[in-house]
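Reader: I have a model open in my viewer and would like to learn how to read it. Could you walk me through it, one feature at a time?

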Amino acid sequence: DSDFAVLLRDVRGTAVSAATLDVYGSEVVVMDLMATAEEARGRGHGRVLVNSLEQWLTEAGTRHWVVCLSSTSASSAASSSLASLEALAASSSSSAGGGKG
């Protein structure tokens with residue numbers, strides 16, 4: 001299995017939304033964390049991220065996409081993880097595979 005961090009930036013280059021994906025072969029992907037910066041909420045960034053992931057996974061031939069997210073209990077933890085995901089995505093983009101793990 002492979003793990004990926006996906007980051008959405010606004011037009012200024014500021015990280016506004018991020019997600020982590022666990023990829024199991026070519027058929028199953030699990031999104032287990034998604035966060036949007038508090039100051040960027042309500043602007044559709046999460047929707048753009050999910051729609052982009054859906055398009056990418058469809059083009060890649062993924063057959064099953066499982067989303068396991070907690071609505072409120074993990075929201076503050078997820079928001080505080082946005083900076084960590086940004087750092088992870090930056091280091092991942094400089095590596096050959098674009099993923100981590």
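Reader: Let's start with L49: is L49 buried or exposed?

Author: Burial is read from relative accessible area: buried means under 20%, exposed over 50%, and partly exposed in between, with a 1.4 Å probe and protein chains only. L49 has a relative accessible area of 4%, so L49 is buried. Please keep in mind that this is a predicted model, where local features need pLDDT of at least 70, side-chain atom pairs count only at pLDDT 80 or more, and totals for chains, interfaces and linings use all residues. Residues are numbered from 1 along each chain as its sequence is written, and side-chain values use heavy atoms, with hydrogens and water left out.

Reader: Which residues is L49 in contact with, leaving aside its neighbours within four places in sequence?

Author: Contact means heavy atoms within 4.5 Å. By that rule, L49 is in contact with V6, L8, S17, A18, A19 and M34. Take A19 as an example: A19 and L49 are 30 residues apart along the chain, yet their C-alpha atoms are separated by 8.1 Å.

Reader: Where does L49 lie?

Author: L49 lies in helix α1. Helices (H or I, at least four residues) and strands (E, at least two) are DSSP runs, numbered from the N terminus. The chain has 3 helices and 4 strands, and along the sequence they follow the pattern β-β-β-α-β-α-α.

Reader: What span should helix α1 have, and how far apart are its end C-alpha atoms?

Author: The expected span of a helix is 1.5 Å times one less than its number of residues. Helix α1 has 15 residues (45–59), so it should span 21 Å, and its end C-alpha atoms are 21 Å apart, which agrees. Just after α1, G61 takes a positive phi of about 85 degrees.

Reader: Which residues of α1 are buried?

Author: Here is the general idea: an α-helix has 3.6 residues a turn, so residues three or four places apart point the same way. In α1, the buried residues are H45, G46, L49, L53 and L57. They cover an arc of only 100 degrees around the axis (taken from the directions from the helix axis to the C-beta atoms), which puts them on the same side of α1. On the other side of α1, you will find R47, T58 and E59 exposed.

Reader: What covers the buried residues of α1?

Author: The cover includes β1 (2–9), β2 (15–24), β3 (28–36) and β4 (64–67). Not counting residues up to four places away in sequence, G46 touches S17, M34 and T36. The C-alpha atoms of G46 and L8, 38 residues apart along the chain, are separated by 8.6 Å.

Reader: Which residues make up the largest nonpolar core?

Author: In soluble globular proteins, nonpolar side chains tend to be buried together. A nonpolar core is a set of buried Ala, Val, Leu, Ile, Met, Phe, Trp, Tyr and Cys residues joined through side-chain atoms within 4.5 Å. The largest one here has 12 residues: L8, V16, A19, L21, V23, V29, M31, A37, A40, L49, L53 and L57. At least two residues of this core come from each of β2, β3 and α1, and β2 supplies the largest share, 4 residues. For the chain, 30% of the 101 residues count as buried.

Reader: How many salt bridges does the structure hold?

Author: A salt bridge is a side-chain nitrogen of Lys or Arg within 4 Å of a carboxyl oxygen of Asp or Glu. The structure holds 2. In one, D10 pairs with R12, the closest N and O atoms being 2.8 Å apart. D10 counts as buried at 17% relative accessibility, whereas R12 is exposed at 67%. In the other, R63 pairs with E27, with 3.7 Å between the closest N and O atoms. R63 lies in the loop between α1 and β4 and E27 in the loop between β2 and β3, so the pair ties together parts that are 36 residues apart in sequence. R63 is exposed at 59%, and E27 is partly exposed at 37%.

Reader: What is the mean pLDDT of the chain?

Author: pLDDT is the predictor's confidence in each residue, from 0 to 100. The chain has a mean of 77, and 66% of its residues reach 70 or more. Over residues 94–101 the pLDDT is below 50, and beyond near neighbours in sequence this stretch has 9 contacts in the model. Where pLDDT is low, the predicted coordinates should not be read in detail.
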